[in-house]
Amino acid sequence: MLTLRNLGKTYEDGTRALSGIELQVEAGEILAVVGGSGCGKSTLLRLIAGLDRPTTGQVLVDGEPVAEPHPLVGVVFQEARLFPWLSVAENVGFGLRHLPASERAARVTAELERVGLASAAGRLPRELSGGMAQRVAIARALAPRPRVLLLDEPFSALDALTRAGLQDQLARLWTGDRPTLVLVTHDIEEAAVLADRVVVLRPRPGRVDAVIDIALPRPRDRDDAAVETVKHDLRRALDRSLGAGRQGEAA
Amino acid sequence: MTSLDLDLPAASPPPRRALRLRGPLLGLVLPLLLAAGWQVAVDAGWAGGRLLPPPSRIIESLWSLAVAGELLPHVLATLARVGLGFAIGAAVGIVLGAAAGYARLFRDLVDPTLQALRAIPSLAWVPLFILWLGIFEPSKLALIAVGVVFPVYLGVSGSILAVDRKIVEVGRVFRLKGLALVRRVLLPAILPAVVLSLRSGLGLGWMFVVAAEIMGASEGLGYLLVDGQQLGKPDQILGAIVIFALLGKATDAILVLLARPTLRGQDAFGGRN
Ligand SMILES: Nc1ncnc2c1ncn2[C@@H]1O[C@H](COP(=O)(O)OP(=O)(O)O)[C@@H](O)[C@H]1O
Ligand SMILES: [Mg+2]
């Protein structure tokens with residue numbers, strides 16, 4: 001579904017954000033990307049989204065090189081980034097202009113119901129809490145039925161309780177038409193609860209440090225012993241990657 | 001009576017109706033009271049009211065102008081000047097502002113000059129405009145347009161520069177480009193600031209139409225001011241001032257009303273105006 005070939009990005013100011021990323025993501029897979037801050041996670045997602053051009057290598061969606069935002073790829077950012085002048089329903093329908101009005105309205109209603117916000121359809125973004133706004137952002141990204149959904153630390157600005165709720169909700173949403181998810185996070189538990197596979201990045205420049213498979217059935221209980229074990233492994237891998245980054249810096 | 005008030009528990013009764021009057025109604029109380037007081041004082045002979053005529057005489061003066069068919073032409077002349085001057089100034093301001101906000105090169109090239117011109121008190125242009133354009137309509141329109149153009153230019157260019165890059169990115173994710181991106185993301189994002197700048201431009205337009213008409217005009221509310229001064233008719237001057245106030249407020253309200261559908265995402269435009 002998603003192939004990254006020798007992907008690298010060096011910004012104009014000389015910052016080497018990413019280098020030599022090789023990755024294959026299967027259709028319907030949930031891939032988490034973890035790593036310390038500044039190790040190129042957002043850069044990676046922006047390259048996949050077609051918002052930035054890679055310096056080396058390429059991104060393929062369904063075998064097609066990505067040069068600009070792809071119709072089958074949706075994005076959810078860390079901030080909800082709703083359009084403040086549009087109602088909740090209009091925000092969700094933003095990417096549905098190509099549909100006839102009646103179908104669009106039906107799709108918007110369905111998406112809002114899926115994220116539990118049917119009653120907020122007519123509200124304006126400024127009237128929403130952070131968690132509600134992020135659910136609207138997820139509904140807006142899912143409404144055009146993308147095959148790949150990219151999420152850049154989507155819950156990191158929320159309080160712990162809201163965050164856990166939204167993680168579970170995301171898992172339920174995914175069971176619908178099972179899009180490929182690439183979830184950037186620095187929350188170990190988020191990765192352990194949601195992902196099939198976790199890529200650990202190592203900083204300066206961002207490279208793949210480790211890939212960890214999580215073969216646990218879904219839905220997962222975050223208090224389950226097996227999930228705890230995975231969290232433990234992930235934390236060790238993350239610590240190693242940070243250590244590797246520091247060594248790389250010193251060398 | 002006071003003892004009764006003291007007996008009441010702190011938060012029990014709802015505030016009295018008179019105190020809950022909101023916004024415009026409450027704002028009318030003071031001027032109406034002052035006007036009524038002045039009217040009574042003059043009627044009772046406590047005050048002369050020659051230089052500051054009471055409301056009845058102001059209304060009378062406006063009424064006699066109106067029935068003589070003179071008021072409407074003056075009002076229309078002023079409205080036409082403000083309307084045309086505002087339209088010219090706003091159009092130029094929007095075009096310059098859009099170019100400066102959109103194109104870095106244009107901004108670097110033109111913005112310093114415009115900022116320098118803006119620093120000149122606009123009335124300083126009057127003698128030059130009269131030399132260039134004569135004392136009739138063109139110089140008046142030019143003055144009004146100059147008053148309008150700067151706030152609009154600043155508002156438009158500033159709002160474009162201030163557009164949240166992150167929200168534009170969402171537009172790009174939905175594969176909007178060029179005109180579609182402008183129409184669906186950039187334009188709605190800047191509209192509130194643009195409307196605000198148009199409103200301050202319109203306010204300045206009203207200021208400058210007075211200046212332009214006092215400079216010399218045979219028609220218009222400004223002419224009524226000058227005429228009232230020369231003939232010693234303070235009631236006519238005050239009448240013209242009242243009409244200025246009403247028209248200024250009304251045109252601003254129309255602008256807000258026209259813009260309302262585009263402004264609902266804004267906290268600041270809760271209909272407070
Ligand atoms: N637009 C940019 N220009 C220059 N450097 C950038 C830019 N965006 C990110 N960087 C740098 O690239 C590195 C990776 O950034 P980022 O991808 O945002 O990391 P993460 O999301 O993992 O925190 C950082 O060192 C950051 O400072
Ligand atoms: Mg980031």
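## A tour of the salt bridges

Across all its chains, this structure holds 21 salt bridges, each one a side-chain nitrogen of Lys or Arg within 4 Å of a carboxyl oxygen of Asp or Glu. You're looking at a predicted model, where local features need pLDDT of at least 70, side-chain atom pairs count only at pLDDT 80 or more, and totals for chains, interfaces and linings use all residues. To find your way, residues are numbered from 1 along each chain as its sequence is written, chains are lettered from A and ligands numbered from 1 in the order in which they are written, and side-chain values use heavy atoms, leaving out hydrogens and water.

**Stop one.** Select A:Arg81 and A:Glu79: their salt bridge has its closest N and O atoms 2.7 Å apart. A:Arg81 is buried, at 13% relative accessible area, while A:Glu79 is partly exposed, at 30% (buried is under 20%, exposed over 50%, partly exposed in between, using a 1.4 Å probe and protein chains only).

**Stop two.** Helices (H or I, at least four residues) and strands (E, at least two) are DSSP runs, numbered from the N terminus.

**Stop three.** Now pick A:Glu111 and A:Arg114, which form a salt bridge at 3.4 Å, N to O. Both lie in helix H3 (residues 101-114) of chain A, three residues apart, about one turn of the helix.

**Last stop.** Select A:Arg46, A:Asp52, A:Glu79, A:Arg81, B:Arg165, B:Lys166 and B:Glu169: salt bridges with shared partners join them into one network.
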